Amino acid sequence: GGANVVYVSDISNLITKEQITELFGYCGTIKSCDLSQGLNGKKSAVIAFSEPQFATAAVALSGTLLGDCSFKVSTTPPESQPAAV
């Protein structure tokens, strides 16, 4: 976690990790991106940027239509996600 990490939810199943990193790469330098299958049949991602201001820029993309879904971006983990064991 930390100020330079964002959590992206409600990502269309049509979207690949490459597309996510390309889109969020406009916000700034990405250190890591983990894309996983979400609980609601959509994908979710955890993106770590090199600087906190890049994460702030990424949050501004929340609500953007990508594929057939509008994704959400937050600086806090989604409540519906089970905690990592």
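**First stop: a pair of strands**

Select isoleucine 30, which stands opposite phenylalanine 49 in strand E3. Helices (H or I, at least four residues) and strands (E, at least two) are DSSP runs, numbered from the N terminus. This is a predicted model, in which local features need pLDDT of at least 70 and side-chain atom pairs count only at pLDDT 80 or more, while totals for chains, interfaces and linings use all residues. Residues are numbered from 1 along each chain as its sequence is written, and side-chain values use heavy atoms, with hydrogens and water left out.

Now extend the selection to strand E2 (residues 30-37) and E3; these strands run antiparallel and are joined by 7 bridges. Two strands are said to pair if DSSP finds at least two bridges between them. E2 and E3 form a hairpin with 5 residues between them.

Next, select glycine 41, in the loop between E2 and E3. In this turn, glycine 41 has a positive phi of about 85 degrees. Is glycine 41 buried, partly exposed or exposed? Buried means under 20% relative accessible area, exposed over 50%, and partly exposed in between (1.4 Å probe, protein chains only). Glycine 41 has a relative accessible area of 37%, so it is partly exposed.

**Second stop: strand E1**

Select E1 (5-11). This strand is mostly covered, as 7 of its 7 residues are buried. E1 is joined to E3 by 5 bridges, and the two run antiparallel; here isoleucine 11 stands opposite lysine 43 in E3. E1 also pairs with E6 in the antiparallel sense, over 3 bridges, and tyrosine 7 stands opposite serine 74 in E6.

Within E1, pick out serine 9. Serine 9 is buried, with a relative accessible area of 16%. Leaving aside neighbours within four places in sequence, serine 9 is in contact (heavy atoms within 4.5 Å) with Lys43, Ser44, Phe71, Lys72 and Pro78.

Which residue forms a salt bridge with aspartate 10? Select lysine 72: the closest N and O atoms of this pair are 2.2 Å apart. The term salt bridge denotes a side-chain nitrogen of Lys or Arg within 4 Å of a carboxyl oxygen of Asp or Glu, and by this rule the count comes to 1. The pair links distant parts of the chain, since lysine 72 lies in strand E6 and aspartate 10 in strand E1, 62 residues apart. Lysine 72 is partly exposed at 45% relative accessible area, whereas aspartate 10 is buried at 13%. Side chains of opposite charge can pair when their charged atoms come close.

Move to serine 12, in the loop between E1 and H1. Serine 12 counts as buried because its relative accessibility is 1%. A polar contact (a pair of N or O atoms within 3.5 Å; within protein, one must be able to donate a hydrogen and the other to accept it, and residues adjacent in sequence count only if both atoms are side-chain atoms) of 2.6 Å joins the side chains of serine 12 and aspartate 68. A polar atom of the serine 12 side chain also lies 3.0 Å from the backbone nitrogen of leucine 14.

Select helix H2 (residues 52-59), whose buried residues are Phe54, Ala55 and Ala58. Why do these residues lie on the same side of H2? They cover an arc of only 100 degrees around the axis, the arc being that of the directions from the helix axis to the C-beta atoms. These buried residues pack against E1, helix H1 (17-24), strand E3 (43-49) and strand E6 (72-74).

Finally, show the largest nonpolar core, which has 17 residues. Such a core is a set of buried Ala, Val, Leu, Ile, Met, Phe, Trp, Tyr and Cys residues joined through side-chain atoms within 4.5 Å. The residues with the most contacts inside the core are Val6, Val8, Ile20, Phe24, Ile47 and Phe49. E1, H1, E3 and H2 are the elements that give two or more residues to this core. End by selecting phenylalanine 24, whose contacts beyond four places in sequence include Val8, Ile30, Phe49 and Ala58.
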